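Visitor: I'm new to reading protein structures. Could you walk me through this one, a bit at a time?

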Amino acid sequence: MKTILKLKGLTKKFGSLTAVNALSFNIQKGNVYGILGPNGSGKSTTLGMVLNVVNPTSGSFEWFDGNMTTHNALKKVGAIIESPNFYPSMSAEDNLKLVCKIKEVDSSKIDHVLDIVNLKDRKKDHFKSYSLGMKQRLAIASALLNDPEILILDEPTNGLDPQGIHQIREIIKRIAADGMTILLASHLLDEVEKVCSHVIVIRNGVKLYAGPVDELNATHGFFELKSEDKEALKQLLDTHEAIESYDEEENDLIKAILSQPYEAKALNKECFENQILLTHLVKRKETLEEQFLKLTKNQ
C-alpha cells in the first residue's frame with residue numbers, strides 16, 4: 001500500500017513546553033485517519049508541521065515516500081487548518097474562481113466540487129450570507145479543487161450545530177468512499193468512531209496508540225455485577241481466570257474487565273454454585289470512549 005505521509009520522531013518545543021513529543025506514524029493511501037486527543041494535545045501543531053507552516057524542533061517527515069520536495073508534495077494536498085477565509089461580498093463561485101487562479105487549476109472543476117459539498121444551488125450567493133456549516137463546506141470544496149491525493153482537516157465540525165455536524169460527516173464519508181485519503185484532527189470520540197478507519201491517539205504531544213479504530217475497540221468486554229454479598233463476589237473475581245481487573249462503581253455496582261472471552265451464563269452459574277446470588281448481571285462491550293479514557297488514564 002502506498003505511503004502518503006511518514007512522521008519520524010517529529011518534535012516541536014515552544015520554550016520549555018513540548019507540544020509534540022517524538023511523534024511517529026504512517027498515513028497509507030485510501031484510509032481515513034483521525035488524530036484524536038484533548039484540546040492542547042498537539043494535534044494542530046502536528047498538522048502545522050507537515051504542512052510547512054510550523055518548523056519542527058527535531059525529527060522529520062516525508063511526503064509520498066520522499067520522492068519529491070515538500071513544496072511540490074503540498075501541491076497534491078488539500079488542507080483546511082484555519083477558519084474559512086473568503087471574500088464576504090463575493091459569491092461562492094467567484095471565491096472559488098480566485099482559488100483556482102492561486103492554485104493554477106482549471107475553473108471547470110468548480111461545479112463538481114460544489115456538487116460534492118451540496119452547495120451548487122447556492123453558488124451565486126454571497127459568502128457572507130452563508131451559515132457557519134455552509135462556510136465550512138465551501139472550504140472543503142476549495143481544498144478539493146486541485147484533485148488532492150490527501151485531504152487534511154483540523155477540527156472540521158468545530159462550532160457547528162447538530163445538522164451542520166451531520167452534513168460535514170456525510171461529506172467526509174462520501175469523499176472517503178471515492179478512495180480519497182483523509183487525515184483529520186478531532187477531540188470528538190464520536191466523530192472519529194463514525195468517520196475514521198484508523199486513529200492516532202495523542203495526549204500531551206505523546207502518541208498512545210496508532211492503528212485501526214476496530215483494534216483499539218477490540219476488547220473482550222466487561223460484566224456489570226451486583227450482589228447483596230458483595231465481599232464474596234469480590235473474592236470470586238479476585239481469583240477468576242477470565243477477569244483482568246474490577247472496579248467498584250456507584251450504587252454498589254462492580255465493573256469486571258474480561259481478559260478472555262467469557263459468557264454471562266457461565267459466570268452466573270459459578271456465582272450460584274458459590275452461593276452468591278446476583279441481583280444484576282449484564283455483559284457489555286467497551287465503547288471507544290471507555291477505551292480512550294483507559295488509554296489516557298495514567299498520562
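**A walk from the surface to the core**

Guide: Happy to. Keep in mind that this is a predicted model. Let's begin with a proline: P88 is partly exposed, with a relative accessible area of 43%.

Visitor: Where does P88 lie, and which residues is P88 in contact with, leaving aside neighbours within four places in sequence?

Guide: P88 lies in the loop between β5 (77–80) and α3. Its C-alpha atom is 8.1 Å from that of S129, although the two residues are 41 apart along the chain. Leaving aside neighbours within four places in sequence, the residues in contact with P88 are H126, F127 and K128.

Visitor: Is I102 buried or exposed?

Guide: I102 lies in helix α3, which covers residues 92–103. Together with Y87 and L98, I102 forms a nonpolar patch on the surface, with about 320 Å² of accessible area for the three together. The cut-off for exposed is over 50% relative accessible area. I102 has 66%, so it counts as exposed.

Visitor: And K43, is that lysine buried or exposed?

Guide: K43 sits in helix α1, residues 43–50. Leaving aside neighbours within four places in sequence, its contacts include I35, L36, E155, H187 and I202. A residue under 20% relative accessible area counts as buried. K43 has 5%, so the lysine is buried.

Visitor: Which residues of helix α11 are buried, and why do they line one face?

Guide: Helix α11 runs over residues 288–295. Seen down the helix axis, its buried residues fall within an arc of 100°, so they line one face. What covers them includes β3 (32–36), α7 (189–195), β8 (198–203) and α8 (213–216). The buried residues in question are L288, Q291 and F292.

Visitor: Which residues touch the most other members of the largest nonpolar core?

Guide: That core has 48 residues. Take I182 as one of the answers: leaving aside neighbours within four places in sequence, I182 is in contact with residues including Y33, L151, L153 and I175.

Technical notes. Residues are numbered from 1 along each chain as its sequence is written. This is a predicted model: local features need pLDDT of at least 70, side-chain atom pairs count only at pLDDT 80 or more; totals for chains, interfaces and linings use all residues. Side-chain values use heavy atoms; hydrogens and water are left out. Patches are made of residues with over 30% relative accessible area and no salt bridge: like charges are joined within 9 Å, nonpolar side chains (Val, Leu, Ile, Met, Phe, Trp, Tyr) within 5 Å. Accessible areas come from the Shrake-Rupley method with a 1.4 Å probe; for residues, only the protein chains shown count as cover. A salt bridge is a side-chain nitrogen of Lys or Arg within 4 Å of a carboxyl oxygen of Asp or Glu. Helices (H or I, at least four residues) and strands (E, at least two) are DSSP runs, numbered from the N terminus. Buried means under 20% relative accessible area, exposed over 50%, partly exposed in between (1.4 Å probe, protein chains only). Contact means heavy atoms within 4.5 Å. The arc is that of the directions from the helix axis to the C-beta atoms. A nonpolar core is a set of buried Ala, Val, Leu, Ile, Met, Phe, Trp, Tyr and Cys residues joined through side-chain atoms within 4.5 Å.
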